[in-house]
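Open the model in your viewer and keep the sequence panel beside it. The tour goes from one selection to the next, with a note on what is there.

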Amino acid sequence: MVIKPKVRGFVCITAHPEGCAAHVREQIDYVKSKGSLANGPKKVLVIGASTGYGLASRIAAAYGSGAATIGVFFERPAEDDKLGTAGWYNTAAFTKQAKADGLYARNFNGDAFSDQLKADVIAAVKADLGQVDLIVYSLASPRRTHPKTGVVYKSCLKPVGQSYTNKTVDTDKGVVSDITIEPANEAEIAETQAVMGGEDWEMWIDALEAAGCIAPGATSVAYSYIGPEVTWPIYKNGTIGLAKNDLERAAKKINAQLKTLGYGRAFISVNKALVTQASSAIPVVPLYISILYKIMKAKGTHEGCIEQIDRLYRTQMYGGTGLEFDDAGRVRIDDWEMAADVQAAVKEVWPQVNTGNLAELTDMAGYRSEFLKLFGFGLDGIDYEADTNPNVPLGG
Ligand code: NAI
């Protein structure tokens with residue numbers, strides 16, 4: 001079949017297998033171009049490995065230091081007349097390439113929050129790798145079924161305490177308008193924390209540790225975001241930010257736990273705002289990202305997921321200065337985004353931007369093309385008019 005993008009609001013409901021494969025290849029090539037990562041991770045578990053920061057974490061480990069990787073994710077294969085998801089096609093492409101390059105790659109498609117999936121992954125770690133030396137926790141999910149109680153929690157993206165009004169952009173139509181979001185109630189705050197907070201990360205570490213699957217000296221990292229004040233009511237101080245505070249609490253607890261195993265460590269890396277399936281769903285943030293991209297591209301400091309994670313590995317986790325922490329004990333790979341001159345430029349543009357000058361003042365075109373790339377569209381060398389087989393086996 002011929003596969004074209006079908007954008008519905010902030011999602012694209014189609015994905016192109018060969019385009020996704022080309023996107024994965026681009027990321028592999030980027031890591032290879034940086035040379036091998038001495039002392040990099042060797043046996044890696046990535047939870048949330050099929051798209052965005054998790055996929056980049058997997059690729060950077062496999063192609064930076066030849067790591068064996070186990071990827072956990074929740075994706076859909078092609079079925080009947082429905083296409084597979086981008087994360088499915090990304091993983092299929094990564095796995096095929098990794099195996100061709102002699103790298104171990106195994107996949108678990110299912111609910112990372114469940115006890116069963118944890119048990120299945122642990123059995124594979126034991127059988128195939130013995131132990132893991134890096135555990136990346138990179139889930140972004142709208143809901144979680146609690147494994148002990150069966151309660152289904154839903155996360156929401158709302159301010160806390162008071163309503164929030166600001167500019168937002170309909171990225172599909174290119175229309176800038178004001179949006180007012182009513183504050184979350186207590187139940188919504190608690191539910192978002194249950195989904196995006198640290199409890200599940202702790203459960204993973206507890207289960208891996210109990211099974212003896214964590215190598216001495218192992219690292220675990222989870223990702224967070226802070227961003228500029230203009231987005232704080234909806235991000236840092238909103239429901240998602242409170243959940244991230246809980247992730248930070250978990251990081252401290254897991255860090256102490258891993259230290260007792262012998263120099264193990266856990267921490268939060270605060271990453272740059274980037275177009276991913278998760279971030280495109282957040283009100284206000286896509287407009288900020290499109291302004292940010294324009295400014296950072298002009299300065300030559302723009303990065304995507306793979307550049308961010310590759311830099312995190314090379315300059316802090318496995319080389320360079322070693323881990324550098326901010327006052328709250330977090331690693332800041334969002335440093336180039338948060339640079340004073342970049343943020344001053346964003347602040348200047350923000351009040352001026354409207355529907356009429358969107359193309360001129362922001363990199364909305366770059367935002368859109370990055371968004372489409374997430375689903376395998378707009379990649380060089382792909383014939384988008386050609387007949388494409390959507391039934392791609394996952395492999396691994
Ligand atoms: P994403 O949407 O690209 O990836 C989410 C991953 O989680 C996918 O692999 C998906 O399959 C997996 N997943 C979701 N629910 C699952 C479930 N129940 N079981 C198994 N796997 C499941 O998201 P993105 O943006 O890469 O986010 C990853 C982390 O990075 C999140 O913690 C996010 O807050 C953080 N982050 C994102 C930033 C951004 O601008 N995109 C900035 C800084 C941090």
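**Ligand site**

Select the ligand and G48: a polar backbone atom of G48 lies 3.4 Å from an oxygen atom of the ligand. Bear in mind throughout that this is a predicted model.

How much of the ligand does the protein cover? On its own the ligand has 840 Å² of accessible area, and the protein covers 93% of that. To see where the shell comes from, colour helix α2 (52–65) and strand β11 (214–224), the elements that each give two or more residues to it.

Now show every residue around the ligand. There are 30 of them, and the closest are S50, T51, A112, K244 and T276. Colour the shell by residue class: 14 of its residues are nonpolar, twelve are polar and four are charged.

Move to strand β5 (residues 105–109) and pick N107. Is this residue buried or exposed? N107 has a relative accessible area of 9%, under the 20% limit, so it counts as buried.

Show side chains here and select R58 as well. The side chains of N107 and R58 are joined by a polar contact of 2.7 Å. Next display the backbone of G395: its oxygen is reached by the side chain of N107 at 3.2 Å.

Switch to a surface view and select F10, V11 and I13. Together these residues make a nonpolar surface patch of about 260 Å².

**Helix α5**

For the last stop, select helix α5 (residues 186–196) and find E188 in it. E188 has 23% relative accessibility and therefore counts as partly exposed.

What separation does the viewer give for E188 and Y153? The C-alpha atoms are 8.9 Å apart, while the residues are 35 positions apart along the chain.

Technical notes:
Residues are numbered from 1 along each chain as its sequence is written. This is a predicted model: local features need pLDDT of at least 70, side-chain atom pairs count only at pLDDT 80 or more; totals for chains, interfaces and linings use all residues. Side-chain values use heavy atoms; hydrogens and water are left out. A residue is near a molecule or strand if one of its heavy atoms lies within 4 Å of it. A polar contact is a pair of N or O atoms within 3.5 Å; within protein, one must be able to donate a hydrogen and the other to accept it, and residues adjacent in sequence count only if both atoms are side-chain atoms. Accessible areas come from the Shrake-Rupley method with a 1.4 Å probe; for residues, only the protein chains shown count as cover. Helices (H or I, at least four residues) and strands (E, at least two) are DSSP runs, numbered from the N terminus. Ala, Val, Leu, Ile, Met, Phe, Trp, Tyr, Cys and Pro count as nonpolar, Asp, Glu, Lys and Arg as charged, and the others, Gly among them, as polar. Patches are made of residues with over 30% relative accessible area and no salt bridge: like charges are joined within 9 Å, nonpolar side chains (Val, Leu, Ile, Met, Phe, Trp, Tyr) within 5 Å. A salt bridge is a side-chain nitrogen of Lys or Arg within 4 Å of a carboxyl oxygen of Asp or Glu. Buried means under 20% relative accessible area, exposed over 50%, partly exposed in between (1.4 Å probe, protein chains only).
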